[in-house]
Amino acid sequence: MSTTTTTQAAAAQAVAPEAGATPVLELAAVTKTYRVKQGMFSAARPLHALGGVSLRIYRKDVLGLVGESGCGKSTLAKILLGLEAPTSGQVLIDGREVTARERTVLARRIQPIFQDPYSSLNPRKSIEDIIALPLVVHKIGDSASRAKSVARMLDLVGLPQRVLRGYPNQLSGGQRQRVAIARALVMNPEIVICDEPTSALDVSVQSQILNLLGDLREELGLTYLFISHNLAVVEHLATRVAVMYLGKIVEEAPAAELFAGPRHPYTKALLESVLTPDPNLSVPDTHLGATYPNPIDPPSGCHFHPRCASALEICKTTPPPHVRSAQGHVDCHLHAVPAH
Amino acid sequence: MSEPVLRVENLTIDIPMAQGTLHAVRGIDFELKRGETLCIVGESGSGKSLTSLAIMGLLSKKMRCNAARLDFSGIDLRKQSPRAMRALRGDRMAMIFQEPMTSLNPAYTIGDQLMEALQLHRPVGRAEARARAIELLGKVGITAAESRLSQYPHQLSGGLRQRVMIAMALMCEPELIIADEPTTALDVTIQAQILRLLADLQREMNMAMILVTHDLGVVARIADKVVVMYAGEVVEKGSAREIFETPRHPYTRGLLRCIPVPGKTRPGEHLGSIPGIVPSLIGHMDGCAFRSRCDVAEVACASDVPVRRTGEDHMYRCIHEVQPGAPS
Ligand SMILES: Nc1ncnc2c1ncn2[C@@H]1O[C@H](COP(=O)(O)OP(=O)(O)OP(=O)(O)O)[C@@H](O)[C@H]1O
Ligand SMILES: Nc1ncnc2c1ncn2[C@@H]1O[C@H](COP(=O)(O)OP(=O)(O)OP(=O)(O)O)[C@@H](O)[C@H]1O
Ligand code: SF4
Ligand code: SF4
Ligand SMILES: [Mg+2]
Ligand SMILES: [Mg+2]
């Protein structure tokens, strides 16, 4: 199996976890169940947004999290940020479990950057107030030291000091996303959760933000969880990639390995869907059917089986095995190790 | 050579605002033949959607639209009454929007809406309309089409809704279809499926298609011709191959450097970027609108900029004949 071969690119970019290193952030068998009503008069039914997710993020890694709409990416992000409590399972920082009462610890060390730079900034607050808010909430420093921190953040994200007294509606989309990044970094976090940070931006602006995120990681030694539906962007930035499908991580591997040799049929379909700007090629066939699963009533066995071109008989009835490899895992019957 | 289905010449769209007139579209030209796909790309706010709406006769009343020519299959669209435009829309020309719910009515079943799309324009009975609806749902890849007819839009996923909307747009087999960011809100796998479907149906029905998108990957894979817009103008126009392999305009060239391309850009390396922002479109504008962001701008860029042609269909708008740093 090719999972132990590390390509040159992977060696160059991935920060290989040293043997025995403790992940900065870990999810252990986390589930999240919402109760939702489908019709006006029907009873609430459980929706398993996360169906037992285990994930480790190591220092200075960029973990790319991909998967289709509704698969649970944002739910996972909210749990890491302490904005939602898991239904079961644990969140660990530096190997220590974070209890419900310690949520503020999470908030200090982990900061978010969200997709929409238009709605995530309060339109009635000045840029200075927006960036200083996390310091105020956590009662860090006095007004003089806060002003200094804010000024330093503006430099860091490449905004001129004159925007301080301005308001979000006076800034372009790219500038607003820089403000959001400054606000996230003012707390000196170790981990930044980026949930679709560039998908609302023009292509010409997206690249500036990606460059900035890459530079900041180098400069400040940051660790990222990077959620995106743009696989070319994930391939560009991520050191590791986790692929989600209906609340489960179906494959995880170092980025270079995953892009060079996807193992899960859904990962393969995802990669086949990437449209590189090559005018000599046409739109590829993903070999996926038009059956979209209902998360309230997920398919039996492997959740992916109604769309999977490689599905076996067993896939309809039995959940796939969790097959570990040297640096990751894949959940799929095709990769089951035969029992001897 | 066949006659173009659509000819647009010197199209302008002005929007009166409190601060002055916003010149949203400033004199654009293009044409399109049957069986061709034209992609319009460009910066947000460059006028892509307004151009599409102008062709469909869907601009709001407060906007002023002018053109030296706006011909669709020999019909002068400038002279059509609102009523005549309504008769054309959904019949000989149709539009697909990013958000399917702008076209689907939540209160009616899929079946009713598909059938109405046909019966509004054709003297056919219910049975025939129903058969056509089932046929088209099948064409757009929806399985068990018959059972879908009685479902309401909210009972479908985003990808299925987009398929239904495509089926609805195609009920009367239009000559021209305009799709404005039809897949932007969808997952990449579903985006690929829907685009492939559109391309196949377009070929099968020999339609002319305009696809508005900001995704250069989509453009490269699906376009015959490309129009690159910036601040209400066409800054470059040509075949997909010309635009991607020998782009001339600094904006087009800059855009292509901004995107990570697996296998071409190295992971983690700095991507190209275009600093700065789009100028205000309110009031009179002189010279090249891109000059505040252009890395090869010169003094002459503040005056009239020539239109250059390098082939039958390829044009760009720039003072430079050969781009600095371009392979010649
Ligand atoms: N507060 C909530 N109440 C009920 N259901 C919810 C809630 N939040 C999320 N869900 C459901 O949980 C599932 C996972 O949602 P989530 O927002 O995590 O998806 P996502 O992967 O981030 O999708 P997207 O790519 O569209 O942002 C979805 O089916 C969603 O409808
Ligand atoms: N109803 C309106 N009232 C005022 N200005 C408008 C209106 N609709 C569009 N505009 C302006 O006209 C210009 C062109 O808008 P248009 O929607 O065509 O852009 P676009 O190229 O489709 O952008 P995007 O990629 O963001 O969809 C923009 O500057 C926009 O702000
Ligand atoms: S377990 Fe079966 S259905 Fe699921 S991805 Fe693997 S082969 Fe396909
Ligand atoms: S005309 Fe001048 S500013 Fe405009 S694109 Fe050409 S060089 Fe740049
Ligand atoms: Mg989300
Ligand atoms: Mg638009």
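The model is predicted: local features need pLDDT of at least 70, side-chain atom pairs count only at pLDDT 80 or more, and totals for chains, interfaces and linings use all residues, while side-chain values use heavy atoms, with hydrogens and water left out. Residues are numbered from 1 along each chain as its sequence is written, and chains are lettered from A and ligands numbered from 1 in the order in which they are written. Eight strands of chain B form an open sheet of mixed pairing, and the structure holds 29 salt bridges over all chains.

**The sheet of chain B**

- The strand order is β7-β8-β9-β3-β10-β11-β13-β12; strands (E, at least two residues) and helices (H or I, at least four residues) are DSSP runs, numbered from the N terminus, and two strands pair if DSSP finds at least two bridges between them.
- The edges are formed by β7 (93–96) and β12 (307–309) of chain B; each has a single partner strand, so one side of each is left without a neighbour in the sheet.
- From one strand to the next, the twist averages 20°; axes are lines fitted to C-alpha atoms, for helices over the stretch in contact, and angles run from 0 to 180 degrees between N-to-C directions.
- Helix α6 (residues 158–170) of chain B packs on the sheet and touches β7 and β8 (176–180) of chain B, its direction making about 170° with that of β7(B); contact means heavy atoms within 4.5 Å.
- Helix α7 (residues 188–205) of chain B lies across β3 (37–42), β7 and β9 (208–212) of chain B and runs at about 160° to β9(B).

**Strand β3(B)**

- Six of the six residues of β3(B) are buried; buried means under 20% relative accessible area, exposed over 50%, and partly exposed in between (1.4 Å probe, protein chains only).
- In a regular strand the side chains alternate between the two faces of the sheet.
- Both faces of β3(B) are covered, with Thr37(B), Cys39(B) and Val41(B) buried on one side and Leu38(B), Ile40(B) and Gly42(B) buried on the other.
- β3(B) runs parallel to β9(B), joined to it by four bridges, and Cys39(B) stands opposite Leu211(B) in β9(B).
- β3(B) also pairs in the parallel sense with strand β10 (residues 225–230) of chain B, over five bridges; here Cys39(B) stands opposite Val226(B).

- β12(B) pairs with strand β13 (residues 315–317) of chain B in the antiparallel sense over three bridges, and Arg309(B) stands opposite Met315(B) in β13(B).
- Val307(B) is found in β12 of chain B and counts as partly exposed, at 37% relative accessibility.
- Leaving aside neighbours within four places in sequence, Val307(B) is in contact with Met315(B), Tyr316(B) and Arg317(B).
- The C-alpha atoms of Val307(B) and Val235(B) are separated by 8.8 Å, although the two residues are 72 residues apart along the chain.

**Salt bridges**

- A salt bridge is a side-chain nitrogen of Lys or Arg within 4 Å of a carboxyl oxygen of Asp or Glu.
- Arg69(B) and Glu9(B) form one such pair (3.0 Å, N to O). Arg69(B) lies in strand β5 (residues 69–72) and Glu9(B) in strand β1 (residues 6–17) of chain B, so the pair ties together parts that are 60 residues apart in sequence.
- Both partners are partly exposed, Arg69(B) at 27% relative accessibility and Glu9(B) with a relative accessible area of 31%.
- Arg78(B) and Asp76(B) meet in a salt bridge (2.9 Å, N to O); Arg78(B) is partly exposed at 42%, whereas Asp76(B) is buried at 15%.
- Glu146(B) and Arg130(B) also meet in a salt bridge (3.0 Å, N to O). Glu146(B) belongs to helix α5 (residues 145–148) and Arg130(B) to helix α4 (residues 126–139) of chain B, 16 residues apart.
- Glu146(B) is partly exposed at 49%, and Arg130(B) is partly exposed at 35%.
- A network of salt bridges links Arg132(B), Glu135(B), Lys139(B), Glu173(B) and Glu204(B).

**Ligand 4**

- Of the 13 residues around ligand 4, Cys288(B), Cys294(B), Cys301(B), Cys318(B) and His320(B) come nearest; a residue is near a molecule or strand if one of its heavy atoms lies within 4 Å of it.
- The shell around ligand 4 has ten nonpolar, two polar and one charged residues; Ala, Val, Leu, Ile, Met, Phe, Trp, Tyr, Cys and Pro count as nonpolar, Asp, Glu, Lys and Arg as charged, and the others, Gly among them, as polar.
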